Amino acid sequence: EHSKTASLKGDSTQLDRADWWAFRVTTGLMLLGYVFTLTPEVTLDWGGVLTASAMYGGVGPPAGNPAWTIYSWFFIHLLPFSNPAWRVAVGSAVAGAVTCGLVALMVSRSARILFAGNSGFSRLAVRDQEWIRRLSGYAAGMALGFSGAFWYEALVPDFVTFTALLFAGILWLLMRWLETGRRRLCWW
């Protein structure tokens with residue numbers, strides 16, 4: 001157990017079990033919650049326009065959102081059942097769930113970095129340290145996922161959760177770049 005504690009204090013840049021647990025559990029539970037509460041049809045707002053643009057690979061509202069259009073086009077063509085609006089909403093739910101998972105992963109990883117030099121944290125058993133990190137990441141990801149505005153956007157055909165996923169991905173890459181010093185992460 002002493003060697004595990006020493007490895008937590010070291011400059012190991014590998015993601016560990018606590019980080020992956022926070023990501024998997026948060027993503028899985030949020031995806032289940034989103035899929036079971038998806039809107040079954042086209043909604044008000046931009047739902048119809050966005051679904052039509054994703055269905056035919058066209059241009060959506062003024063911003064265009066070409067990456068989202070391609071992303072949603074894949075969901076429309078990969079899922080063989082239900083209507084196109086529901087399939088696009090599934091894509092929004094997947095993007096929202098993965099965003100919540102990335103937030104959980106970043107919080108868990110940040111806790112490891114922040115607590116590495118903390119004497120109070122290092123006195124805890126390794127198992128307890130990992131559970132604190134797991135639950136902190138889980139709580140942060142679930143708080144984002146259950147927030148009213150984000151929950152709504154994850155249930156309808158819209159590009160907001162995909163935009164949040166891209167933003168969280170950029171933050172994750174920058175965080176890993178700062179931690180590891182690998183320039184390719186910054187270039188991505």
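The model is a predicted one, in which local features need pLDDT of at least 70 and side-chain atom pairs count only at pLDDT 80 or more, while totals for chains, interfaces and linings use all residues. Residues are numbered from 1 along each chain as its sequence is written, and side-chain values use heavy atoms, with hydrogens and water left out.

A search of the whole structure finds six salt bridges, the term meaning a side-chain nitrogen of Lys or Arg within 4 Å of a carboxyl oxygen of Asp or Glu. One of them joins R112 to D16 at 3.0 Å, N to O, and this pair links R112 in helix α5 with D16 in the loop between α1 and α2, 96 residues apart; helices here are DSSP runs (H or I) of at least four residues, numbered from the N terminus. D16 also meets R133 in a salt bridge, at 2.8 Å, and since R133 lies in helix α7, this pair ties together parts that are 117 residues apart in sequence. Both R133 and D16 are buried, that is, under 20% relative accessible area, where exposed is over 50% and partly exposed is in between, with a 1.4 Å probe and protein chains only.

Within helix α7 itself, E130 and R134 lie four residues apart, about one turn of the helix. Salt bridges that share partners join D16, D19, R109, R112 and R133 into one network.

Turning to the surface, L78, in helix α4, is exposed, with a relative accessible area of 64%. Finally, S82, in the loop between α4 and α5, has a positive phi, near 70 degrees, and counts as partly exposed at 40% relative accessibility.

Note on methods:
Helices (H or I, at least four residues) and strands (E, at least two) are DSSP runs, numbered from the N terminus.
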